[in-house]
4 protein chains.
Amino acid sequence: MVRAPTSSPLKPRKAPRQPRSEHTVEVLLEAAAQVLERDGLEGFNTNAVARRAGVSIGSLYQYFPGKDALTLALMRREGARFHAEAELTLDQPTGADALKAMIGACVRQQLQRPTLAHLLDLEESRPPLRGAAGGGARLIDIVAEILGRPDLSHPRAKLAAADLMAIVRGMTDAAGERGESDITDLQARIEAASFGYLGAPTTRAGD
Amino acid sequence: MVRAPTSSPLKPRKAPRQPRSEHTVEVLLEAAAQVLERDGLEGFNTNAVARRAGVSIGSLYQYFPGKDALTLALMRREGARFHAEAELTLDQPTGADALKAMIGACVRQQLQRPTLAHLLDLEESRPPLRGAAGGGARLIDIVAEILGRPDLSHPRAKLAAADLMAIVRGMTDAAGERGESDITDLQARIEAASFGYLGAPTTRAGD
Amino acid sequence: MVRAPTSSPLKPRKAPRQPRSEHTVEVLLEAAAQVLERDGLEGFNTNAVARRAGVSIGSLYQYFPGKDALTLALMRREGARFHAEAELTLDQPTGADALKAMIGACVRQQLQRPTLAHLLDLEESRPPLRGAAGGGARLIDIVAEILGRPDLSHPRAKLAAADLMAIVRGMTDAAGERGESDITDLQARIEAASFGYLGAPTTRAGD
Amino acid sequence: MVRAPTSSPLKPRKAPRQPRSEHTVEVLLEAAAQVLERDGLEGFNTNAVARRAGVSIGSLYQYFPGKDALTLALMRREGARFHAEAELTLDQPTGADALKAMIGACVRQQLQRPTLAHLLDLEESRPPLRGAAGGGARLIDIVAEILGRPDLSHPRAKLAAADLMAIVRGMTDAAGERGESDITDLQARIEAASFGYLGAPTTRAGD
DNA sequence: TATGAATGAGTGTTCATTCAT
DNA sequence: TATGAATGAACACTCATTCAT
């Protein structure tokens, strides 16, 4: 094994400017996603990704300085539209509405491609990637902001935000693993737990 | 040379009869735990475990037919006293008390050696170990039984049990990762979420 | 890490397309042959082969999915020109001529690189390679066909063919081990035994 | 691996004088034979033999200085009664009778426990054991002596003897591998080849 | 003398990464 | 710029042999 990263090993090596390059990057990311889904972390290796992408291994390394950078880019891609949606929740009038919207966004995100989302979550906690995607932290900030809204005004907003995101992540992951697909039901249960946590139960969950 | 294992690759290879053997097994398991804690899944390999245990790699393989068997044995060791405690929760008079006891057991278990517990959780979801430890499924059954008690009598006990365990796991994992150590506070927050989920809020969490 | 091979462990992993690859494969096969000849089955390991080939171990595994595939490829390489020659024996006018030609082919094959041929024979009987080269069975069919010719017309052609090949193999192996190199003499003795077996002695052997 | 034989690694380490020891040696040899038959050369290792013998690995090494010594002892055990029988063939009045008797002895020996005999043959050609059992050479001497008898009086007795033994070994091995069990038929075919080789065919083989 | 725990060099194999073409 | 052949450190696992008990 040869591990001598000269520059930052996580940032994309080159900004793909030409359309052909953009396309290659896109193809590589989708290939990575599919390999992850089909073969799990066990089968997730750079050669397999390149092969599936129909691209040479050399090309992969031209766009990504290393495996972790590829993983990271995939995380960002998967998180992109989700983050946009998450930001929008702040536009909701009340904190409660915003929180519901946020939960909805999380659930949709996680259940879109459940195994992919789950595996990326796992990868995200691996030291070299720890918080590199920045998604989690940012998300918690948004939720914390929501919890500061007048109708919720939680005294320990940051901590509660972390707890809520943990609840959401825990429940959606488990649901994904079980193969659940009824988004509405799941969302209702998560809301029950969340608002219960906040001391303002909506309705009895799971009825 | 690597050939197909003739016997089950997960069951311990030989029961340690002499006191010396027992000691070696104990030392190996603790070494495995420590390697996992210090170096993560990345650094968790049989040679490292043997080295840390101060034992030859051959000895490791005398007691465990493979890496997975070692991991599994560690899971069982870590889960042992916890499972005992979990069973006892059924002795509680009311469902609410039982559930609180259960949450307490989970929290204590997870916060005892947080990173170890977390990494073992991850490993448990890897295909070759999927449910091999048998802990998770059993746990959910207990909780489901609790939820069937008169004072809780949840109509979708099995599903709710899974949800509750997901909440507990999600929150404790996150707490462990943050380095939280105030068990009582964490437990209170989890109870809030749990009873909120069940539609019977106790007090506003996090106040 | 050693995991179950996903594809057939005996078929070559990748067809060498570039001339460089072809060369590497050729070099690896010849190295395998030489290691086998110098160090026997004992010393025949993938690292030794790669080292002797002046190639990294990784390269070996790029072209052969495993040790057995390498062995098999070597068998086929060694058997290639021989099989061509064996097929041609059917062009001989009479059965007797064809049989003599066949014996000649076998003897030449076995005495070209006697130890190599012998060791490959041994390997061929190891379970994972059992009949994989397909050489032996095919050979017997050819001989059986020869024995069916009018001038020989043996009533138990298949059995006799197996016997004859056993005679040829036994005698050439022994001769090879003794270091015999007079092909003509050996061939004459084998013919004596063979035609004697068929009930049509030519001349007294060994005179 | 630790390979530092201080004394001759092939001779039995201690002459078992006490009846208990003799019994242990016998048990070990039979265990070795059975392991060889059941699991082949692949599974033939000292620990397996000891386990099958119901004896500790330490005991095995008390009676045999190494694996090869064990193998060798097994060869001698298997060859013992056969050699006795082989010697007796010299008592036959004519060379032809003696040769037939010899062939019969060989066939019986090889077909008694065909796989065992075959695997031991293979082992015998491995360098550390090369000719150590001494069986083959001695056998050839006997046959050479037979071939010198007046009725056969072969001019190249030693060479012819080697050839004949090669024929016998080749044909019986192949027969054993095929699972043949009709000793008389096989013997007749071998005689045909043998006497054919000598220029004195008996009857057409295989009719 | 018997036991079996312990040893560790050796073997097959993988995969992230480099670099000549 | 793209290719894919080549690299080699790392890892899982085996087994002949030793030696303390």
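## Two domains in chain A

In this predicted model, the centres of domain 1 and domain 2 of chain A, taken over C-alpha atoms, are 28 Å apart. Domain 1 of chain A covers residues 19-65, and domain 2 covers residues 76-198.

Six residues of domain 1 of chain A are in contact with six residues of domain 2 of chain A. On the domain 1 side of this contact, four residues are nonpolar, one is polar and one is charged.

## How chains C and D are related

Two copies of a chain are related by a rotation about an axis and a shift along it. For chain D and chain C, the superposition takes a rotation of 178 degrees with 0.0 Å of shift along the axis, and the RMSD is 0.3 Å. The two copies are thus related as by a two-fold rotation axis.

Which residue of chain D comes closest to the rotation axis? This is D:Gly196, whose C-alpha lies at 1.8 Å from the axis. Both copies use the same surface, since 100% of the contact residues of chain D recur in chain C.

## The contact between chains C and D

Chain D has 30 residues in contact with 31 residues of chain C. On the chain D side, the elements that give two or more residues are α8 and α9 (183-197) of chain D. The largest share, 10 residues, comes from α8(D). Sorted by class, the chain D side has 17 nonpolar, seven polar and six charged residues.

## Helix α8 against helix α8

Two packed helices are described by the angle between their axes and the distance between the axes. Helix α8 of chain C and helix α8 of chain D, residues 157-178 in each chain, have axes 7 Å apart and pack at an angle of about 130 degrees. That angle makes α8(C) oblique to α8(D). The crossing of α8(C) past α8(D) is right-handed.

The residues of α8(C) that meet α8(D) include C:Ala162, C:Ala166, C:Gly170 and C:Ala174. Among those of α8(D) that meet α8(C) are D:Ala162, D:Ala166, D:Gly170 and D:Ala174. By class, this helix contact has 10 nonpolar, two polar and five charged residues.

## Helix packing inside chain D

Within chain D, helix α5 (residues 95-112) packs against α9(D) at an angle of about 135 degrees, with the axes 10 Å apart. The contact of α5(D) with α9(D) has seven nonpolar, three polar and three charged residues.

A second pair in chain D is helix α4 (residues 67-88) and helix α6 (residues 114-124), whose axes come within 11 Å and cross at roughly 130 degrees. That makes α4(D) oblique to α6(D). Here the crossing is left-handed. The contact is made by D:Thr71, D:Leu74, D:Met75 and D:Glu78 of α4(D) together with D:Leu116, D:Ala117, D:Leu120, D:Glu123 and D:Glu124 of α6(D). Of the residues in the contact of α4(D) with α6(D), five are nonpolar, one is polar and three are charged.

How values were computed:
Residues numbered from 1 in each chain as written. Chains lettered and ligands numbered in written order. Predicted model: local features only at pLDDT ≥ 70, side-chain atom pairs only at ≥ 80, totals over all residues. Axes fitted to C-alpha atoms, helices over the stretch in contact; angles between N-to-C directions. Helix = DSSP H or I, 4+ residues; strand = E, 2+ residues; numbered from the N terminus. Parallel < 35°, antiparallel > 145°, perpendicular 65-115°, else oblique. Left-handed = near helix turned anticlockwise from the far one by under 90°. Contact = placed C-beta atoms within 7 Å. Nonpolar A, V, L, I, M, F, W, Y, C, P; charged D, E, K, R; others polar. Domains from an automatic or database assignment. Least-squares fit on C-alpha atoms with pLDDT ≥ 70 in both.
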